[in-house]
Amino acid sequence: MLYECIFPEMRNRIFEMMGSSIEEIGAFDFGGPGDIWDTRRHWNCCPACRSEFPSLPAVLEQAGRQMDQVFAASLWVMKDRFLARKASLAKARSAVNAYPAMIAELAHAEELVHEELVHVLGTATTLYKGEETE
Ligand SMILES: [Zn+2]
């Protein structure tokens with residue numbers, strides 16, 4: 001017996017994703033990890049979509065690995081920027097005066113890194129495991 005999709009808009013989104021390349025999905029053409037999670041959650045709940053698109057989890061896992069590379073590259077850029085900023089602060093001021101500014105920069109960098117890591121965690125749970133974040 002054939003099932004009917006419980007939410008055809010989501011079915012169309014999956015259909016479009018399955019017709020796209022891993023690179024397009026991994027480049028966030030279909031949204032970030034949260035949007036992908038909506039798709040994956042629908043797939044988990046919808047017998048029609050599970051039957052029509054059995055390879056969706058494998059495709060999303062591959063796309064997730066690509067997203068990981070994007071986040072890793074972004075973290076490297078942040079590290080390079082921080083080190084450059086630290087070097088310029090040390091050059092511009094005496095060592096004692098440079099420390100407060102460096103600490104402030106470090107706190108700011110930590111915030112940015114934290115945000116990026118939240119995305120990475122979201123990618124891992126939503127795309128690899130198909131689980132809800134939080
Ligand atoms: Zn469906």
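What is the mean pLDDT of the protein, and what share of its residues reach 70 or more? I began there, since this is a predicted model, and I found a mean pLDDT of 85, with 95% of the residues at 70 or more. Going through the elements, I noted that confidence is lowest in helix 6 (residues 95–128), at a mean of 80, and highest in helix 4, at 96.

**Overall form**

I looked up the secondary structure next and counted 6 helices and 0 strands, which run α-α-α-α-α-α from the N terminus on. For the dimensions, I read a C-alpha trace that spans about 75 × 25 × 20 Å along its principal axes. The radius of gyration is 21 Å, whereas a compact globule of 134 residues would have one near 14 Å. I also noted that buried residues make up 17% of the 134 residues, and that, among contacts with a separation of 6 or more, 73% are between residues 24 or more positions apart.

**Helix 5**

I checked whether the span of helix 5 (56–92) fits its number of residues: 37 residues at 1.5 Å each should span 54 Å, and the end C-alpha atoms are 53 Å apart, which agrees. The buried residues I listed in helix 5 are Leu 56, Leu 60, Ala 63, Gly 64 and Met 67.

**The largest nonpolar core**

Which residues of the largest nonpolar core touch the most other members? Of its 13 residues, I found that these are Ile 14, Trp 43, Leu 60 and Ala 63. The elements giving two or more residues to this core are helix 1 (8–18), helix 3 (33–45) and helix 5, and the largest share, 4 residues, comes from helix 5. I then followed Leu 60 by itself and, leaving out residues up to four places away in sequence, found that Leu 60 touches Ile 36, Arg 40 and Leu 127.

**Helix 1**

Which residues of helix 1 are buried? I found Arg 11, Ile 14 and Met 17, and they lie on the same side of helix 1 because they cover an arc of only 120° around the axis. As for what the buried side meets, the buried residues of helix 1 pack against helix 2, helix 3, helix 4 (47–52) and helix 5.

**Two single residues**

I looked up Phe 28, which lies in the loop between helix 2 (22–26) and helix 3, and which has a positive phi of about 70° although it is not a glycine. I set this beside the general rule that most residues other than glycine have a negative phi. Is Phe 28 exposed, partly exposed or buried? Phe 28 is partly exposed, because 15 other C-beta atoms lie within 10 Å, and a buried residue would need 20 or more.

My last entry concerns Arg 41, which lies in helix 3 and counts as partly exposed because it has 15 C-beta neighbours inside 10 Å. I also took the separation between the C-alpha atoms of Arg 41 and Ala 63, which is 16 Å for residues that are 22 residues apart along the chain.

Notes:
Residues are numbered from 1 along each chain as its sequence is written. This is a predicted model: local features need pLDDT of at least 70, side-chain atom pairs count only at pLDDT 80 or more; totals for chains, interfaces and linings use all residues. A nonpolar core is a set of buried Ala, Val, Leu, Ile, Met, Phe, Trp, Tyr and Cys residues joined through C-beta atoms within 7 Å. A residue is buried if 20 or more other C-beta atoms lie within 10 Å of its own, exposed if 12 or fewer, and partly exposed in between; C-beta atoms are placed from the backbone. Two residues are in contact if their C-beta atoms, placed from the backbone, lie within 7 Å. The radius of gyration is taken over C-alpha atoms; the globule rule is 2.2 Å times the number of residues to the power 0.38. The arc is that of the directions from the helix axis to the C-beta atoms. The expected span of a helix is 1.5 Å times one less than its number of residues. pLDDT is the predictor's confidence in each residue, from 0 to 100.
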